[in-house]
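Hi,

Here is the structure I promised to pass on.

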Amino acid sequence: QVQLVESGGGLVQPGGSLRLSCAASASIDSVAAMGWYRQAPGKQRDVVASITSDGRMYYADSVKGRFTISRDAAKNTVYLQMNSLKPEDTAVYYCKLRRDYLGTVRDYWGQGTQVTVSS
């Protein structure tokens, strides 16, 4: 069973930076995409950024120009560099890996890492 292990969350002041990492615990093939989602208290889980196997990236409007997603495909690891953090970025951040094997799609989720932006 593949598990996604996240790290890098924490408490940071407004304007600061954090780098999140997410690595698959075991080798997995047919990875279609990896990405980051976040969920604030009382709100739904929304996509923050994603990157496909061929390198196409997507960013939510709220993080464009501040966050950068990158990956190490050989290690099935994805990173999220977060700069110029704002209090509204406070949330639990979840990593997701989508595997697409001959049309059979399965999503794997990490356990979440807390990011708190506060002075």
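Let me start with the disulfide: Cys22 and Cys95 are joined, with 2.1 Å from S to S. The cut-off for calling a disulfide is a pair of cysteine sulfur atoms within 2.5 Å. The structure holds one such link, and with -80° about the S-S bond the link of Cys22 and Cys95 is left-handed. Cys22 sits in strand E3 and Cys95 in strand E9, so the bond ties together parts that are 73 residues apart in sequence. Strands here are DSSP runs of at least two residues (E), and they are numbered from the N terminus. Cys22 is buried at 0% relative accessible area, and Cys95 also counts as buried, with 0% relative accessibility. For burial, the cut-offs are under 20% relative accessible area for buried, over 50% for exposed and partly exposed in between, using a 1.4 Å probe and protein chains only.

Before going further, a word on the source: this is a predicted model, where local features need pLDDT of at least 70 and side-chain atom pairs count only at pLDDT 80 or more, while totals for chains, interfaces and linings use all residues. Residues are numbered from 1 along each chain as its sequence is written, and side-chain values use heavy atoms, with hydrogens and water left out.

Now the core. The largest nonpolar core has 30 residues, and those touching the most other members are Trp36, Leu80, Met82 and Tyr93. Strands that give two or more residues to this core include E3 (18–24), E4 (31–39), E5 (46–52), E8 (77–82) and E9 (91–101). By definition, such a core is a set of buried Ala, Val, Leu, Ile, Met, Phe, Trp, Tyr and Cys residues joined through side-chain atoms within 4.5 Å. In soluble globular proteins, nonpolar side chains tend to be buried together.

Leaving aside residues up to four places away in sequence, Leu80 has contacts with Leu18, Arg19, Leu20, Trp36, Val48, Ala49, Phe67, Thr68, Ile69 and Tyr93. Contact means heavy atoms within 4.5 Å.

Ala49 is in strand E5 and counts as buried, at 0% relative accessibility. With residues up to four places away in sequence left out, Ala49 touches Gly35, Trp36, Tyr58, Tyr59, Ile69 and Leu80. Trp36 stands opposite Ala49, and Ala49 in turn stands opposite Tyr59 in E6. E4 and E5 run antiparallel and are joined by six bridges, while three bridges join E5 to strand E6 (residues 57–59), again antiparallel. Two strands are taken to pair if DSSP finds at least two bridges between them. Both pairings are hairpins: E4 and E5 have six residues between them, with Gly42 in the turn at a positive phi of about 80°, and E5 and E6 have four residues between them, with Gly55 at a positive phi near 90°.

There is also an open sheet of four strands in the order E1-E3-E8-E7, with antiparallel pairing. Strand E1 (4–7) and E7 are at the edges with a single partner strand each, so one side of each has no neighbour in the sheet. E1 and E3 pair over four bridges, and Glu6 stands opposite Cys22 in E3.

What does Asn76 touch? Not counting residues up to four places away in sequence, the contacts of Asn76 are Cys22, Ala23, Ala24, Ile28, Val31 and Met34. Asn76 lies in the loop between E7 and E8 and counts as buried at 10% relative accessibility. Ala26, in the loop between E3 and E4, is partly exposed, with a relative accessible area of 34%. The C-alpha atoms of Ala26 and Asn76 are 8.8 Å apart.

Last, the aromatics. The count comes to one aromatic pair: the ring centres of Tyr37 and Trp109 are 5.0 Å apart and their planes are at 70°, so the pair is edge-to-face. Rings of Phe, Tyr and Trp (its six-membered ring) pair if their centres lie within 6.5 Å, and planes under 30 degrees apart count as stacked, over 60 as edge-to-face and the rest as tilted. Tyr37 is in strand E4 and Trp109 in strand E10 (residues 104–109), 72 residues apart. Tyr37 is buried at 18% relative accessible area, whereas Trp109 is partly exposed at 36%.

Cheers
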